[in-house]
Amino acid sequence: MPIPIGAMPASPVCNPKEMIFMIDTKALSKLLFGTVFWAGCSVQSAYPVEMKKSPVMHVQQLPEQQQELETIYQRYVNWTVGSGTLSKSDPLVRAQHDEMLKVFAEVEKQFVSKGGVAGLGKISFDRTKDKQPVARYVFDTLLPSLSMSYAYPGLADSPNPGYKKPETLATIIAVLDHMYASGWKRGVDTGFDFDRLRKTGFTDFGGSINNNISGYSKTLLLMRDELRKAGRLKRELNTLDWVTRIFAPEQDGRGMTQFQFPGFNSDGFKSMVRNRLTYVVTELPDDPARIENMTFLTRFYNKAYTLAPGWADTIKPDGVGYHHKGIYGNGYSEEALEAAARSIYLLNNTSFQVTDKSIANVKLGLKTFRIYSQKYDMHRGITGRFPNNLNSLVHLVPAYAYYGVKNGLDDPEMKAIFARLWDRDYFQRSGLLSKNFAGEKGLGAFGEIESTLALEQENVEPEPPLSGHWDYPYGAMSIHRRPGWMAAVKGFSRYIWDYESKKTKNLYGGNASSGVLRLYTKGNPVNAFDSGYGIKGWDWHRLPGATTVRVPYDHMKKGKRNWSSESFVGGLSAEQSNGVYAMIYDNQVGGVSLTAHKSLFFFDDQIILLGSDINGGDGEHEVATTLFQTRLPSADTVTYFNGSRLTGEKNRFNVASQQPVWLTDSVDNGYYIPNPAGLLMVHRTVQEAPDESGKKMTKGLYATAWLSHGKRVNSGRYEYVALVNAGADKTREFARNATKIYRVKQQDNRAHIVEHIQKGMTGYAFFAAGDGFASDLIIATDRPALAMTRKMANGNVMLSVVNPDLGLAPKTKTITKNDLRDNPKWLYHDSETPKVTITLNGHWQVVSSGDAGDITLKTRMQGNRAVTDLTFNTKHAFSKNVELARQ
C-alpha cells in the first residue's frame, strides 16, 4: 500500500535575522561546512563580497527523524516500482507495464548476447565522454533495467514474471563487483571541481559521469535489503556517498562557501534528487550520519530553489529556467523542475521539507512553463540545441500532479492547472508516459502515473484557457495568448544569447532568436506541427518575423551562444492583456552584419510588425523579412492572395504593386501589407534543406511569403499585420478597413508608435531617450522604454511602462563566457534596470495601481505647458501599470 504523504507542514517565515546553521555531528571538533545561507530569502545583492565559513552550531537530532527518513525511503521505492494499486484495465497503466516488461526482456537478451559481465570488459569511468560508452550503458540501461525487473512486482492483476528472480539478483551483484574491480569505488575521480564550487557556487556536471549515475543509485535504492544480505551495501553506499559528496556536509576538509550563492546548476537539481537523496534514504537507520546528511541536503535544496540573479542557473525572477548561462525552455529546465517537484513531494509532511519560499519558487517555474507552452509546445528559440524537442511540458505533467494530488501538497491552483494540461486521449494515443521508462539515464517510474491518475480521479475543474500577455525579460521573449492559441516572439541581446548548437545538433539555428514570431493555432491539442511548422525541408532562413541574410548553410555552422552589442530587447505587458515587443537588432549570422529596429504591437488577435533602419548585407545574398513559412499537407491545401485561391506546388510570384495586399498562410492566419512596393515574394513549392544535424538533405512542401530588401540594404523598412486565425474572409475585411483600424504614427530609429483606433490603444517603442515624438500624450522619456496607453470609458487613461534593459552589466563592460564561468561578480550580477521617467502632456494624478510602490508622480510647468513626470522602477524589466485621471 502507498504511504500517505499528508498535508504540507508550515515552514518557518523567512527572516533575514534568522539564519540556518548545520553541524557535523560525527565529530564536534571538526570545522563544519560552509557559510550561512538565508534559505528561502530573496537575493538582496549582486553577489557576496566575502567568503566566510559558518560558525559551528549544533543540530538536535530527534528520534522520530529516523522514522521520517524510513518513510521517505519507502515513498521513493513506491514512486519507482509502484504501490501495487493499479490494474491493467487502465490503458495507460497497461501501456506502462507492457513497455517495462518489453525493455526488461530486450536489455537482458542484448546483455547475454554480448557475453554478460565478461563482455563488459574493463569499464572506464574517465571524465572524457568518448571513454565512457560502457559506463554509460551500465548506468543508463543495464543496471536500471535489471533492478527494476527484480524489484517491480507488477500490477494487481498482472504480476511481473521476473519479480525477485534469483538469477537477476546474482547478475546485479556480479555487475556491481565488476564495476568495483574496474575502479568504481570510493576515491574514483568523477570530475567535480570543488575549487570552482567554492569560488562561484557552481560546478559543471555535463560530460562527466556524474550526470549518468541515476541507474546506479536507483539500483541501490531498490536492492537495499538484498545488497545488505550479500555484504555489498556498505561498499556501494560508500561509493555513492563519494560520487555525490558535492551535496555532503563533509567534502574534502576545506570548508564550503557555496551557500553564499543562490540557485544551482540544472544538472545539480537532478543529481540532488536522483542520486544524493537516494543515498541518504538508503542509508540504514542505525547510521548516525543519516539525519545530518538529510538536514544538509535540505539546506542545499533551499539554496538551489532560490531565484538566481544574473546568468546563474536555474529559476529566474520571471520564472524561466536557465542553463549554459541563458534561457533553456526544454531539456535541462524540464528535468530540473521535475526533480525539484519530486523532492518536495517525497519530503512532504516531514521535518526535512524545504521552506515555503522554495516551494513557491519551484511552483513559479512550473506555472511559467505552462504559459509559454501551447498546449505542450514552446517557441523553437528557447529550446537550446534541441530544436525539435518542443513538447517538454508533457514530461512535466507529473510534477503538477505532485503539487496537486491529495497525498502531495494538495494545492488547489496546481490541481486546476493539471486538470487543463491533462489529456488522457492524447497520452494514450502518444504513449508518452510509458516511453519515460525507456528514456535516457535510467529514468521512468510508476509513481509518475500513480500520481497523475490519482489527481485525474479527483475530477477537479480545469483552469480556464489561458488568455493574456506575458513578458519574460530573462528570455527576451513575450507570450500573447487567447483561448485556443498562442503567439510567441523571441529575441537576443548583450545579456541573452541567440542559440546553442553542438556537433550535430541545431547547426543552423543562428536565426532562431532574430525576433521570430511563432503562431500556434491548430491541432488537437494545439501544436507546432499542425500549426504549419514543419521539420523536413524547413528553410532555416525563412523564420516568421525575422529579418535575415540568406547566407549558405555551411556559413551558419560557425559560432554559438552569441550576444549582440545591444541591450534594448524585450516586451511590455499592458495590464497582462496586450503588449509591445521591440529590439535593436544586431546579428552576425554567417559573418554578415545586419542591424535593424524591430517592433511588434499585440492588440488581441491583431499583431502589427514594423521594421526600420535595416542596414547590412554582403551584396551577394538576399536580405529579407519573412511573413510566414507554413507546411502544406498536400498540394490541394488552399492559401489565398488578394482573394484568389492558390493551390499546387509550383506557384511562385513577386508582387510589384504599391497598393495594399492581403494573403493567408496554410493554417488560416491572415496577413496585410499596406505597401509591398515590389518587395513581396510568395512561393508554394517543395523546399530542400539540411536537417539540424547537417547529415542529410530533406524535402517538404511549404507556402512561404517574405519581403525582400535586396542584397545590401540601407535604411530598409517594412510594415505588415498578422491576423491570428482570421481566414480569408476576416483578412479581406481587415484589408478593406485597415486605415480605420490602426495607423503608424512614427517609424524611425527614435521610435515606433502605433495607434489602434478602434480599441483606443497606442503602443510605443522608444528606442532612444528624448522628446518631440509623434504623440499627443507621451511627450518625452529620459531613457529608451516601451509603453502602452488605453483610453477608458470614464476619460481616464491606463498607462503601462517598462525599461526593457535588464541592466546585468554596465554599458562599458563587454561580457565574455570566461566572465560568466569564473567570476561570481558577473555570474550573479543582479538586475540594475535604471528607473525610467515618462513625461505626459497635462497634469495627471494616480487613481489606482497595483505597482504604486514602484511609481512616483510629479506635476510641473514646462514654460507655459502643464506636464506630469511619472517615474517607474522596473527592476528585472518588469512592466508597471497605473490608471491616471486628469487634474
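In helix α6, S214, S217, L220 and L221 meet R274, N275, T278, V281 and T282 of helix α9, where contact means heavy atoms within 4.5 Å. By class, this contact of α6 with α9 has three nonpolar, five polar and one charged residues (Ala, Val, Leu, Ile, Met, Phe, Trp, Tyr, Cys and Pro count as nonpolar, Asp, Glu, Lys and Arg as charged, and the others, Gly among them, as polar). The model is predicted, with local features needing pLDDT of at least 70 and side-chain atom pairs pLDDT 80 or more, while totals for chains, interfaces and linings use all residues. Residues are numbered from 1 along each chain as its sequence is written, and side-chain values use heavy atoms, leaving out hydrogens and water.

How do the two helices lie against each other? Helix α6 (residues 214–222) and helix α9 (residues 266–282) pack at an angle of about 20°, and their axes are 9 Å apart. That makes α6 roughly parallel to α9, a label for angles under 35 degrees.

Turning to the whole protein chain, there are 21 helices and 34 strands (DSSP runs of H or I with at least four residues, and of E with at least two, numbered from the N terminus). The C-alpha trace spans about 85 × 65 × 50 Å along its principal axes. Of the 887 residues in the chain, 63% are buried, that is, under 20% relative accessible area with a 1.4 Å probe, protein chains only. Among contacts between residues at least 6 apart in sequence, 72% join residues at least 24 apart.

Note on methods:
Axes fitted to C-alpha atoms, helices over the stretch in contact; angles between N-to-C directions. Parallel < 35°, antiparallel > 145°, perpendicular 65-115°, else oblique. Buried < 20%, exposed > 50% of the residue type's maximum accessible area, 1.4 Å probe, protein only.
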